[in-house]
Amino acid sequence: MTDSEKLNAALTELQAFLGERATAAPMHRMAYSRDWSPRFKDMVDLPDIVVVPHNTDEVVQIVQVALKYELPVIPFAGGTGMGGGVVAWKGGIMIETKGMNKVLEIDPDNMSVTVQAGITIWELNEHLAPYGLWLPHQPESKRACTVGASIGVDNDSTFGVRYGKILDCLTNVVVVTGRGEAVRMGHRKASFSSTGYNLMHLFVAGEGTLGVVTEATLRVVTLPKTRQVRGWVFPTLIDGARALERTLASGLSVESAHLNCRQRLHFYTHAYRQKYGREPEVPDWAESILFLSFAGDEDVVEFSLGKARQVIENEYKGELVREQEIVEGYWDSKHRLAFLPFKQKWPDSQREKKFGSADVGVPMGRLEEMYHAFLEISAKYEQQILGMTVYNESPNKVSPSISFAIFVDDSTEERVRNFFGYVREMSLKAVELEGTMSTYIGDGDRLGGFNAYEHGLSYEYMKDVKALFDPKNIMNPGKKFESRWIAPQGT
Amino acid sequence: MADYPILQEFTEEIYTCNRTRCGFCSVECPVFRVRRLETYASRGRMLAARGLLEGVLEPSAELQEVMDECLMCGYCQARCALHNMDIFASVRQELRTAGYSSPKHERTATKILEEGTLFDRPKPIRRVGTTPLYLGCAYQTKPHEVQTIVSVLEKVGIDPLISDEVCCSYIVGAVGFADEFESAQARFRQIYGPHLDGAILTVCPTCTATLHDEYNLAAKHALVAVAERLADMDLKPLDMRVTYHDPCHLGRMLGVIEEPRQILRALGIEVVEMEHHGTFSTCCGGGGGLLDVDRNLAIEVSKNRIRDAAAVGVDTIVTACPTCQPTLLRGAGRMANELGHFVDVLDLWELLDKALD
């Protein structure tokens, strides 16, 4: 069969059980032609077919059709990924997972919820709110980002320093593997399991390369009664990180901890500038700004704030940001997603250039070195700095997951290639500093193959894992083991 | 780059959306909530627009059908810094120029352009008075509702003047007939000429927004005038618990959000807010001509709005729009079995009239 005959036959078989929810119409393919990742301005990657399944059984049938005709399968969720993870650059069948958005069970007694994986974090929390519960895994993209997407890329959470990321909430998944089988993995509603292998963990940051996550069971927590956010400025980056470490060591439960360089503040104070028509004032000596939130009962939050101030201001010379509107502007932008006047930072900030990031992770003690490398490498590749934010994503620990962000000029191919040159060199530096190339974006279509430099021999084991779950290499090919942007090290 | 002169004016905005992809417009788009396919949400429509500009897509009946399945409700634009609605109207216009437009939209626009009205009017409603009150096509077919509105206005000391009027022609422009919309505006100005220089009270949210934003007239929704007089009104309390559905044109586009709620509270009514309300309210399903081209989809949208009300535990929706109320009632009827009860949809004017008795 020719490729065209295969596609026609596959579409006919898909339409037999999906009806209009399987289409090869060009406009629908076009609507799935990119995500949020930097790429050439005129680059269009069209999937061949778009399908909208409503449940696991339909995904099983879709993958079986894909296996039969050896067509790529790409799960699409929020579409906000910055690494090209859902870009169909090998063509194939795009599975729009947001058609699977049902809440299957809310179990307040066990503080657990089971959902179809295409539900957005925002939608899920609307369902949980009447029970006084919420899923604390809160990526900034939560209005669009689904539970499945969070599992697929292991993205950041605003509240990681208290609750961790999606894996800290996840207890069970149903996945449709590249073998066309629905498999339950995990430990049902139990928090842990030491039996067998933790196969579920392979799907966290798996980017759909092993299978499609269709259902998830998550631990949820009680909505806090109150929340307070404050900011402190520091003369150096490491002072901010050490102050956070000491605050955590004091026994306080910090709900969120974001350490920004001063350039980054501009990006997060859109609402402030709209309201006051000026830049927020930060002392000239300040190199970093740490935002902390505390949440819970009012008296505990008040006490926590007082204790945090004592630690940060007395022991680490942190200076409280007196103008609370700066802090509120940050929080509007970061968590409430309330941008006035009903416009929001994303499109307005990207009229000429687009957001791009090297999302490396390094241990706490190497932060300053990594930051200086950021300044040098971005200058070398002529990248316009947007700024750095250090998220902390492991409960009660300084646990840097870092966004070294750039405004990418996508007006010429050369400049886009320069951006990936920047990502490449930042990644090498992070590994040199005992860290990792990516902490929340994933490999996408940028790091595959090149990431062997980070993993060494274990990379070979990863290939075997891939072959086990996806013997015909149909699940999101062109990711994890192949890149269209960055060549493997040494080639 | 293909030749689409109207759409090309928005090229940079379309690329800005394409390079952003934040998706805040998508999942809560009322049409996406039903279709669950990116092409039906703003973000996907923007990529389709780009496809046209770059020649990846050709004008087609399929593309026109997708573009017609937009409520033009403005939810996406409220979440964005771009001119989403102008872009989608331009796409409709370009597709029409290329020979692709809905026969139903053609008929509707032709009727308005030829007869000056969207709906057949059994008998034009007129009233002698002092304050111009523009009813619009929908209310011109609803004499009972107009009687209620006039009764309320009289009780609060307003003497409405209902004179000869012609359709504001909003839908003509919205479905891609930009040039014809210009000529329709000229006709409106001619017929409604005596009242153009002063304040005009209006009752249809869409007409209000059109007269205010497109015609640059001093159009004010009559509920705002009522809210201004609340302090002087002797109202009989109504023991009710309701949610208020903001009509898109009245709430999001004109910013009349607080006034209807002030009135409800003055009537002693407990107002429970739905998740999507005020600026971020979502459409009833009757916007943008969708009822003409895909009635089933419109009803599915209205059913979701009924679900929104049920989710906050109320069984009465109050609104203030001659399109929203009947559209929501259709959805409520079809949701009764699923919910196990009927969610009623009431008109704010009726409650006002009752409380002013």
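Which domains does the domain assignment of chain B give? The assignment, automatic or from a database, comprises domain 1 (5-101), domain 2 (131-226) and domain 3 (234-355). The model is predicted, with local features needing pLDDT of at least 70 and side-chain atom pairs counting only at pLDDT 80 or more, while totals for chains, interfaces and linings use all residues. Residues are numbered from 1 along each chain as its sequence is written, chains are lettered from A and ligands numbered from 1 in the order in which they are written, and side-chain values use heavy atoms, leaving out hydrogens and water.

Taken over C-alpha atoms, the centres of domain 1 and domain 2 of chain B are separated by 29 Å. Five residues from domain 1 of chain B and seven residues from domain 2 of chain B take part in their contact (heavy atoms within 4.5 Å).

The largest pocket holds about 1,500 Å³ of space. Volume is the space filled by probe spheres set on the points, which are joined across faces, edges and corners. Of the 46 lining residues, N101(A), R33(B), V34(B), R36(B) and N304(B) are the closest to the centre of the largest pocket. The lining divides into 20 nonpolar, nine polar and 17 charged residues (nonpolar: Ala, Val, Leu, Ile, Met, Phe, Trp, Tyr, Cys and Pro; charged: Asp, Glu, Lys and Arg; polar: the others, Gly among them).

Key: On a 1 Å grid over the protein atoms alone, a cavity is a set of points where a 1.4 Å probe fits but cannot get out, and a pocket is an open set with protein on both sides within 12 Å along at least five of seven lines; lining residues have an atom within 4 Å of a point.
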